[in-house]
Protein chains: 2
Amino acid sequence: MTGFFDRHRAMLETAVQALHTRGYWTPFPEIPSGKFYGETAKADGQAAFAALQGGNFDLPGHPESHRLGAEISPFGPALGIAYPAADAPALIAAATAAAPALADVGPKARVGVCIEILTRLNRISFLLGHATMHTTGQAFAMAFQAGGPHAQDRGLEAVAMAWNEMTRFATEARWEKPQGKAAPIVLEKRWALVPAGIALTIGCNTFPTWNSYPGLFASLATGNPVIVKPHPAAILPLALTVRVAREVLAEAGLPADAVLLAVDAPGAEITKPLATDPAVKLIDYTGSNAFGDWLRGNAAQAQIFTEEAGVNSIAIAATDDFSGMCANLAFSLSLYSGQMCTAPQNIYIPRDGIDTDQGRQSFDEVAGGIAAAIDALLSDPARAAGICGAIANPATLARIDTARGLGRVIRDSAPVGQGRTASPLLLAVAAGDPVAEAECFGPVAFVVATRDADESTALASSLAARKGAITAALYDTDEPRIARAVAAFARAGVNLSVNLTGNIFVNQSAAFSDFHVTGANPAGNASLTDTAFVATRFHRAMWRRPAAA
Amino acid sequence: MTGFFDRHRAMLETAVQALHTRGYWTPFPEIPSGKFYGETAKADGQAAFAALQGGNFDLPGHPESHRLGAEISPFGPALGIAYPAADAPALIAAATAAAPALADVGPKARVGVCIEILTRLNRISFLLGHATMHTTGQAFAMAFQAGGPHAQDRGLEAVAMAWNEMTRFATEARWEKPQGKAAPIVLEKRWALVPAGIALTIGCNTFPTWNSYPGLFASLATGNPVIVKPHPAAILPLALTVRVAREVLAEAGLPADAVLLAVDAPGAEITKPLATDPAVKLIDYTGSNAFGDWLRGNAAQAQIFTEEAGVNSIAIAATDDFSGMCANLAFSLSLYSGQMCTAPQNIYIPRDGIDTDQGRQSFDEVAGGIAAAIDALLSDPARAAGICGAIANPATLARIDTARGLGRVIRDSAPVGQGRTASPLLLAVAAGDPVAEAECFGPVAFVVATRDADESTALASSLAARKGAITAALYDTDEPRIARAVAAFARAGVNLSVNLTGNIFVNQSAAFSDFHVTGANPAGNASLTDTAFVATRFHRAMWRRPAAA
């Protein structure tokens with residue numbers, strides 16, 4: 001029963017240690033190279049993806065009353081894959097039936113199963129890369145990383161945190177209370193871990209695996225059967241995940257139905273009946289504030305973990321590397337066409353300009369410098385396509401059109417490469433302009449003129465506290481002013497990156513080191529992966545009795 | 001700033017260790033003796049309590065627009081103490097003003113302050129005992145323990161858990177990501193702890209300190225100003241607590257308003273405006289399911305930790321110590337007249353009787369044995385008064401009168417000692433009788449006839465899962481049947497005591513060892529003190545920047 005646990009024990013222990021020390025660590029190489037994944041991995045992944053297209057996706061033993069699936073790649077072709085589908089009551093019944101065995105098998109076996117699932121997912125990272133690319137619109141290099149090893153990292157992080165928490169306190173104790181000169185009272189105590197119930201993981205269109213794995217693996221490791229509800233436009237990466245999970249569960253002698261796939265169609269979603277079922281006690285959700293509010297209002301029987309919308313900001317106060325700063329920001333704004341939850345939107349610049357290593361730069365010169373850096377970055381069409389990828393949702397393209405009229409255009413958006421694409425639109429607006437007070441999802445950024453650097457910090461941090469933010473960036477050379485900004489962004493509960501240049505970007509969040517989402521502002525309460533993310537997924541029940549004499 | 005921390009560091013470290021090993025430990029002696037508390041402590045406590053009666057309660061610098069207070073001892077006399085009172089907006093404003101300094105001072109200083117408060121409270125345990133006795137109706141010995149050292153234990157447990165969690169992960173790290181043959185990317189990272197907001201602790205009438213200290217100290221240690229809202233009938237124990245807390249805060253150079261008292265009058269409570277204020281992010285509540293539901297429905301801006309009503313059960317299947325069992329249950333039913341959240345209510349006995357060391361005992365013989373043991377325990381009037389104490393709320397007496405008609409009276413309730421008192425009422429009902437399906441708060445117990453021992457377990461555990469339960473007890477000699485019961489009660493999320501006899505009782509919950517309330521059934525979500533109880537009271541915000549070369 002614990003063969004998988006023994007096999008992965010060293011990785012688990014290293015992961016737990018990494019969580020505590022928070023330096024760089026990963027067991028899953030992020031480079032899509034045969035050196036790490038085997039010489040045939042690239043071709044195998046491509047072939048496997050091709051074989052899946054236009055066919056029935058097989059999930060042996062899975063509840064199935066009909067077939068659904070209408071995914072269309074943002075790069076063009078329809079995937080044509082039909083998945084097994086069942087209604088909410090059938091899925092709840094299957095999960096309920098799987099629950100006792102999953103609870104009873106205990107933490108070691110479950111954690112072993114989880115890590116075995118993750119290592120098998122790692123082996124098919126090329127396939128997951130293609131599946132992610134053609135459901136999200138990410139270019140392949142990013143789809144491989146974000147859909148494969150980086151998602152696996154976040155899954156492993158959740159498993160390690162769950163293990164650390166499940167083993168935090170003694171599971172048995174001898175309690176000996178002195179009674180003066182009389183014999184002490186001696187009790188034996190034992191604690192059992194009691195899973196919370198059925199878990200529902202609601203996936204998003206842009207990061208189907210990266211945003212789903214933490215909840216999925218945290219719930220599974222702590223003993224809760226998981227129903228995985230993909231976005232109708234991004235089913236395949238999670239269907240592959242569910243298939244691997246069910247194979248490993250079955251090999252471990254556990255019910256495959258401990259992990260289920262809930263496929264639905266746009267306009268006929270089954271999210272609401274699943275989320276409000278009394279047996280569902282855990283919900284992990286990535287998406288809009290509107291549906292987050294709906295869940296909080298209607299699924300009160302469940303613990304709800306969310307990542308929701310926010311407005312990420314950059315405050316530019318000064319720099320000793322003006323071209324490095326512009327190049328870094330150009331990449332952050334262009335990567336996956338601003339469709340990352342960590343992508344910046346508002347750029348605050350003093351209206352009188354800033355000091356730089358290239359001398360004083362006016363507001364327009366700074367804005368123009370960023371625009372020029374974007375142009376340079378995207379000047380080669382192949383590189384541009386490889387950075388921007390495609391637009392996941394047609395509504396995002398429409399949003400760019402609307403946004404164009406909302407400010408002074410510093411740099412216009414344009415198609416880039418094959419499929420539904422758009423490069424960044426850069427608009428100048430005044431401080432306090434309401435267009436910069438809400439999320440404008442996609443490749444749209446607002447350059448906001450402020451009185452001075454401290455006003456930039458005040459506006460950005462206040463917006464984060466009110467509307468939510470996952471990331472913030474600051475460029476400055478004045479240490480006391482940096483310290484004030486650090487304090488302001490911390491109070492707003494935003495993770496702040498200072499003076500990034502080169503090959504590291506504000507959008508990037510590293511597992512085992514960066515807590516993704518702090519939980520301290522409206523961008524969500526799910527912090528990946530802190531204690532609160534795992535601790536309420538199970539409870540402890542004791543029994544005690546007098547110790548045998 | 002960290003003088004208190006250094007002074008109490010050894011106690012803190014031992015407390016953290018005790019939390020993890022979960023054996024017996026306490027730094028606060030539970031015996032009201034001059035040997036531990038000083039020869040004059042008893043007289044000093046009595047004199048201090050006498051001096052407070054009929055006067056103005058002083059809280060220097062506390063917001064005050066008027067005076068309130070109408071406490072009447074369940075043992076007779078009015079206390080006549082007038083407390084400073086202020087409306088909800090004034091209290092919120094004072095807490096808001098105190099928040100930045102409390103957040104900025106950091107975990108060490110706050111934890112030091114918390115433990116200093118607890119040790120000073122320990123020194124006035126006799127005064128707290130009198131204050132608890134004359135607001136709750138607990139007899140003095142129990143009031144001393146539950147209002148003094150046992151409450152202090154639970155407070156210290158929360159502080160230790162908060163410290164353990166606040167220091168769980170590195171607060172700074174060097175993140176070094178290899179770049180093949182190029183130089184690695186090296187970032188410095190720092191994490192700040194961000195308190196959740198203002199905390200509201202809503203006290204109850206029966207255990208004003210024991211049930212309030214965990215939330216109060218967990219919130220304060222993690223940096224959240226706390227507004228303490230006592231039950232209007234049990235203000236004094238919490239007013240004394242707030243006074244000590246404000247003294248220590250001031251000595252540490254922190255705003256005294258980081259702990260505030262919210263006194264109100266019955267029928268003019270300020271709980272709702274406090275609980276729904278947008279600045280209040282944490283609510284700790286002990287009381288009815290009805291008000292718990294109201295909070296969940298109306299204070300969605302806050303994390304809510306509750307202990308609510310439930311029905312605790314005893315399943316009697318067999319015993320090898322019939323008189324020891326009856327004596328043990330007699331005490332559990334009589335102690336504080338059944339007004340503990342851990343007191344048993346339903347006693348399930350097979351209708352065909354049970355095997356015992358005194359031979360086969362019929363259903364009526366078992367019920368009669370418990371009744372006779374209660375009579376024997378309470379035969380001496382002084383001892384009876386010292387065990388039963390008085391009835392906190394007049395409604396409880398009325399409930400006993402109503403209950404008398406709901407079943408076959410096995411043992412009638414009667415006054416016991418001075419004041420508003422009542423000994424246990426014991427009624428026989430059939431399995432499935434709806435009267436035994438809900439909490440009947442006070443000294444009322446139902447003896448329920450079942451088909452057999454397994455049905456007893458099934459009924460008791462199912463009721464716990466549906467209506468909530470904090471404790472359960474089992475008497476049995478058959479190990480396989482015990483194992484089945486252990487599993488059933490664990491699934492229902494109830495802590496189970498097996499075969500208790502002698503001087504240890506199902507009602508007792510020991511800090512640092514027993515998690516009080518599992519969080520896994522409707523009796524509440526606040527488990528004292530597990531990780532979930534502290535982890536969401538603060539967040540972590542990072543800043544990172546390229547490491548200096």
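Helix α13(A) is mostly covered, since eleven of its 13 residues are buried, where buried means under 20% relative accessible area, exposed means over 50% and partly exposed lies in between (1.4 Å probe, protein chains only). Helices (H or I, at least four residues) and strands (E, at least two) are DSSP runs, numbered from the N terminus. The structure is a predicted model, in which local features need pLDDT of at least 70 and side-chain atom pairs count only at pLDDT 80 or more, while totals for chains, interfaces and linings use all residues. Residues are numbered from 1 along each chain as its sequence is written, chains are lettered from A and ligands numbered from 1 in the order in which they are written, and side-chain values use heavy atoms, with hydrogens and water left out.

Helix α13 of chain A covers residues 322–334 and reaches 18 Å from its first C-alpha to its last, close to the 18 Å expected at 1.5 Å a residue; the expected span is 1.5 Å times one less than the number of residues. Among its buried residues are Phe322(A), Met325(A), Leu329(A) and Phe331(A). The helix is followed by Tyr336(A), whose phi is positive, near 50°.

Other backbone features were also found. Most residues other than glycine have a negative phi, and most peptide bonds are trans. Phe512(A), although it is not a glycine, has a positive phi of about 70°; this residue is found in the loop between β18 and α19 of chain A and, at 0% relative accessibility, counts as buried. In chain B, Arg22(B) is likewise not a glycine and has a positive phi of about 65°. Arg22(B) lies in the loop between α1 (3–21) and α2 (34–37) of chain B, and with 0% relative accessibility it counts as buried. A cis peptide bond, with omega about -20°, joins Leu528(A) and Thr529(A), and Thr529(A) has its place in the loop between β18 (495–498) and α19 (531–535) of chain A. In chain B, the peptide bond from Leu528(B) to Thr529(B) is cis, with omega near -20°.

The two chains are related by symmetry. A rotation of 180° with 0.0 Å of shift along its axis superposes chain A on chain B, with an RMSD of 0.0 Å, which is the relation of a two-fold axis; the copies are superposed by least squares on the C-alpha atoms of residues with pLDDT of at least 70 in both. Of the residues of chain A, Ala532(A) comes closest to the rotation axis, its C-alpha lying at 3.1 Å. Because 100% of the interface residues of chain A are also interface residues in chain B, the copies meet through the same surface, contact being defined as heavy atoms within 4.5 Å.

Strand β19 of chain A (residues 538–546) is largely enclosed by the rest of the structure, because eight of its nine residues are buried. Strand β4 (residues 182–195) of chain A and β19(A) pair in the antiparallel sense over nine bridges, two strands being paired if DSSP finds at least two bridges between them. In β19(A), Phe538(A) is the bridge partner of Pro195(A). Two bridges also join β19(A) to β18(B), and these strands run parallel; here Arg544(A) stands opposite Ser497(B).

Arg120(A) forms a salt bridge with Glu251(A), their closest N and O atoms being 2.7 Å apart. This pair links distant parts of the chain, with Arg120(A) in helix α5 (residues 106–123) and Glu251(A) in helix α10 (residues 236–251), 131 residues apart. Arg120(A) is buried, with a relative accessible area of 16%, whereas Glu251(A), at 51% relative accessibility, counts as exposed. The side chains of Arg404(A) and Asp401(A) meet in another salt bridge (2.8 Å, N to O), in which Arg404(A) is partly exposed at 27% relative accessibility and Asp401(A) is exposed at 52%. Salt bridges that share partners join Glu165(A), Arg168(A), Arg540(A), Glu165(B), Arg168(B) and Arg540(B) into one network.

Key. Salt bridge = Lys/Arg side-chain N within 4 Å of Asp/Glu carboxyl O.
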